[in-house]
Amino acid sequence: MEINGVTVSILLFGIALLGLILRRDLVVKLLALGLINSSTILCLVSLHARPDGAAPILQTPSGPEIVDPLPHAMVLSAIVINFAILALALVFVMLLVERYHTTDSQRIERETSEEERS
Amino acid sequence: MILALFPLLRFALGVLSIAWGRGRRILLIASHVVDAVLISFLAAALHSGRVTTLILGGWERGLGIALVGDRIGLTFAALAWGLSVAISFYTLNRALRPYFYMLLHLLIGACYALIFTKDLFNAYVIFELLTLTSFLLVGYERRPGQIWASLRYLVLASLGMGIFLLGVAVTYYHTGSLDLDVIAVRVAAAPDAGWIPLAAALLVSGVAVKAGVFSFSLWLPSAHSLAMPAVSALLSGLVIKMGVVELFRLSDVFPLDFTLVVLGSMTAAFGIVYAVASQNAKRMLAFSTVAQIGYLLIGFGSGTVAARLGALDYAVAHGLFKALLFLAVGEAALVTGTTDLSELTARRDAIPLSTRAALLVGTLGIVGMPPFAGFAAKCVIECGIQRSAVHAIVALISVGTTVAFARFLPLFRRRGPWIDVWNRLAAYAWLGGAVLLFLPLSRTMVPRSIWSESLNGLAFVEALGAILLGLLIHRLLRGFRIRLPRRIFRIEEGVLVILGGFFLVLLLLRFA
Amino acid sequence: MIGLTILLVLLPVLAAAALTQRRRSSAIIAMGLFSFTLAGTYFLLQAPDVAITESAIGAALVTSIYVLAIRKTGRITVVASEAPGLLQREADRITGLEWEILERVARTAGLDLSLNFAPNEDVIDAVRRGDADVAAGGVLSADCGDGILGTGPHLPTARYAVRGPRWAGPSDPRAGPLRGYFSDIVETVRSRGPLCVVLDLARFLALSRYDLSAYDVEQLEGSHGYTFGVSAAREDLHRHFAEELARMRESGELDRMIARYFP
Amino acid sequence: MTRSASRIRLLPAAILLVGAFCAALWLTFDYAGPGEPDIARWIDTAHTTGSINVVSAIYLNARLFDTLLEVLVFSVAVLGVRFYLDERGRRESVESIPESHVLRLSSDLLLPLILLLGIYLTVYGHLSPGGGFSGGAAAGTGLLLAAIALGADSVAQRFHESILERVEWAILLCVFFLAGISAALGRTPLTDLLPPGTPGRLASGGSILLYNILIGAKVFIGTWVMIHHFIQHRGEI
């Protein structure tokens, strides 16, 4: 089996999903969420990478052909968006901790549902 | 030109309303006037038979981002505008921070952008902007329940967007383009290519998380029911439709019709069962949104021109009456201090008459009572559905909706105070008027042949019959309570069912 | 090419390591390492723009805000499981005897307090791992030792075994301490579910407000006392605890406090 | 007891579904792509814009709309952090880490270097890898180092937040103005009006340089504001 970027990114997606489901600590859940986005980004970049390609910067007219630059442009947006999501999610986790003094997702789940019911 | 101005002006106004906090209300009103002008330009262009296409930056197709102003675009732009006006009426007397107004502008601007865009990656970025703004709006009041609901929403939605981005990656790899029209040509050229089911399944599952489709959108009930009324109205009426718009756009590219019908039936069944079992008024409304999304998908997936037009029509109608219901129930909850249906009934004397009237109009709209908005749109959908099994499902949804909403009936008895603030009345009148006047309005949208075929005596009898049957079942079910599993609404199970849904879609696309 | 393969193999290893860490701070650091490795991979995949952005935003910025959010300098971190009367949450406030003592100690030490609730069996473990400085909420002197300094009993207690109907598990409850959260046990008792557990006095008193007629209750032998478990790495804190407790005992304040919470 | 039980219930389902998901992706993934992708169009695009970095040409010209949305996403995040982490729970003053001569020295040496790197990445974004986002973020993270060594308050005194806030929104308005000006002149919206210039010079690439500087400044300020708020609420979790 060849080790290439796509295989690794699928593997990373799986690891991240397991982390998201099985770890109850919200901070770790958020890390797993970041990992999901990283793995899709890796998939996008490595799909269009070629061993004989050059970075998409026009230098010499007779160098090797550049790789497709559009995925790179897309990925730049995705990285920044990923950061924005992680930062805001972290702020909300901090608000929850301020109130419940725990980062255990299932405990927060139960306490909020009890509070909403009453 | 006009198409780009829709989102750009809204974004600029959003930024301005933070920079010039004191003028935030003036800016909001100005934005509505400008949007009305833009929409009328767009409508005029469409009416003369031109579908406007704009490639941003003056590039050729395939290089720049393409925006297109077609019928779907116009319909949803009008809905976005109408709801935005209603929300600004409703919130006019509340001292909300400039921050809220900025989020509101950005949310509407993102909706406009998504309505018009034909570019897959652009849709991804807009979805993320929508996710973030609605996430912040849900948590605006900072009640712990809201914070937790919106955090769950963020986690599941960005998982969905990750799946969507994988779909974009696969699609771009095989077609070399992000433009949906170009992709459609490539797909049509080789409809049996092996990558198509995978790419379509990834894209559909990603969007379905945002669209309120069952097994993907289990975050929806709590996020929509716990947010403040104005935000709930906006989310349920408009934002959830954005996912549906993208599904509609994708169904022009990939052969999704059968998948949409299956997903729609599942969604509707889930929504109805939970709506009937729910004891909380706002939660019931949120579940009924899920059911109605199923209805839209069935309509659109049925494939005929009439059914598609009807689905568009129904999306607008649902946006109007669901927003009205959320505003009215929110007001009732504020006055009585409860959202529990039986307690709401017990304290109904405190609810102002205007709120009850709004509730009544909204309820009649959603159950499809002629001549309210729901009736007109439902008739057009049902006229376009050819398979009788699908027809039966659609009829069952109507009955189920009536069963769920029949529990509002006791609220309409008894007299009450006619006290209300003028801006509430304005919001009710605006939305309620639209629900009432929807029939003649939608007549201009639907071609005459379809119109006369769908709105006949039989449809009238059918609608009334469904309502009566619903009332009967409501009577029979009285005192009968079922406890449905609540566990599936947690994050962990939410992720699992998203994966399960993905498999379902993949199998449907591959073997059906 | 070989470099790329090495990095690609390293990525899942780092990711799995990050997500299986018990300590949050190690998880975050491992994730930062993962992001830098990812940036290196991008560089080798002919994407220098992506590599730079990933290392500046994905690695540096994300890691630093996460580290800032869990940074613990200048504060005492307490890990506890809920124990009515000793340490509990009431709406958005924390109350209880142990919480008042903790607040006093923090004040004299000039540090902020931060509290994290955890399942009972994790409390001592968290201090031993170094995730928290102090274990509280019904820690018994017998639980201390091996990396944990007890502060000496500040309140005597007893232990009760509660064994319920239809309990199918092992019959000797003394086999293990309370597992999970106290509120779970309350929930079980309210629904008369199967139960077999050993409780300390404070929790037992709280539980006996509910109907315990369906359960066998037995007081276990031996005398016990509540204490705080301070991490052995924080001897300074241990000293503060000892001094403050001695002062409170001398002035009789401790007894007054106890009388307030356990009349 | 509920704790371990719920994990055990989830575990088989999780492993099964996630494993099947990965397998489905891996097995149905079709590597036989369309052959050689059409790169020439992007090289032409870069020539039209006058930028040497092809990614910048796409990012800040052909697909500028995406980038505008992304700037908005970033601004919303900064604003959200500021709105939700407000006065409540904020520490009176945040002490610097004592006994840190090494840290202080390294920050004295490193900070100018990092700031320089940030400026370089931003300004040369159309000629070499980099750009406004990475440059601004790098410089902003450099300030974190200074904040740890000198204490956040002394850094915050130099960067007044109320002024920063206005600058931030002014920059955002500038970006929209720059993007919308072509629409006001009757051209297609988001058209670049500046000439491409000689590729390779600093002053080339049309508006890309301007956008890079504006976005870089915006991200720099935003990063600092965010980090400052997180420092003030340190250790909350």
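How far apart are the end C-alpha atoms of helix α5 of chain B, and what span should its 19 residues have? Keep that question in mind as you read these notes on a predicted model.

1. Let's start with the answer. Helix α5 of chain B covers residues 120–138. At 1.5 Å a residue, its 19 residues should span 27 Å, and the end C-alpha atoms are 27 Å apart, which agrees.

2. α5(B) is mostly covered, with 19 of its 19 residues buried.

3. Next, find where chain B touches chain D. Chain B brings 41 residues to this contact and chain D brings 43 residues. On the side of chain B, the elements giving two or more residues are α1 (2–19), α4 (98–116), α5, α6 (144–175), α8 (195–211) and α22 (491–511). Our helix turns up again here: α5(B) gives the most to that side, with nine residues. Sorted by class, the side of chain B that touches chain D has 30 nonpolar, nine polar and two charged residues.

4. Now turn to chain A. It holds four helices and zero strands, and from the N terminus on its elements run α-α-α-α. Its radius of gyration is 20 Å, well over the 13 Å that the globule rule gives for 118 residues, so chain A is more spread out than a compact globule. Its C-alpha atoms fill a box of roughly 70 × 30 × 20 Å, taken along the principal axes.

5. Even so, 72% of the 118 residues of chain A count as buried. Among its contacts between residues at least 6 apart in sequence, 54% join residues at least 24 apart.

Methods
Residues numbered from 1 in each chain as written. Chains lettered and ligands numbered in written order. Predicted model: local features only at pLDDT ≥ 70, side-chain atom pairs only at ≥ 80, totals over all residues. Rg over C-alpha atoms; globule rule 2.2 N^0.38 Å. Buried ≥ 20, exposed ≤ 12 C-beta atoms within 10 Å, placed from the backbone. Contact = placed C-beta atoms within 7 Å. Expected span 1.5 Å × (residues − 1). Nonpolar A, V, L, I, M, F, W, Y, C, P; charged D, E, K, R; others polar.
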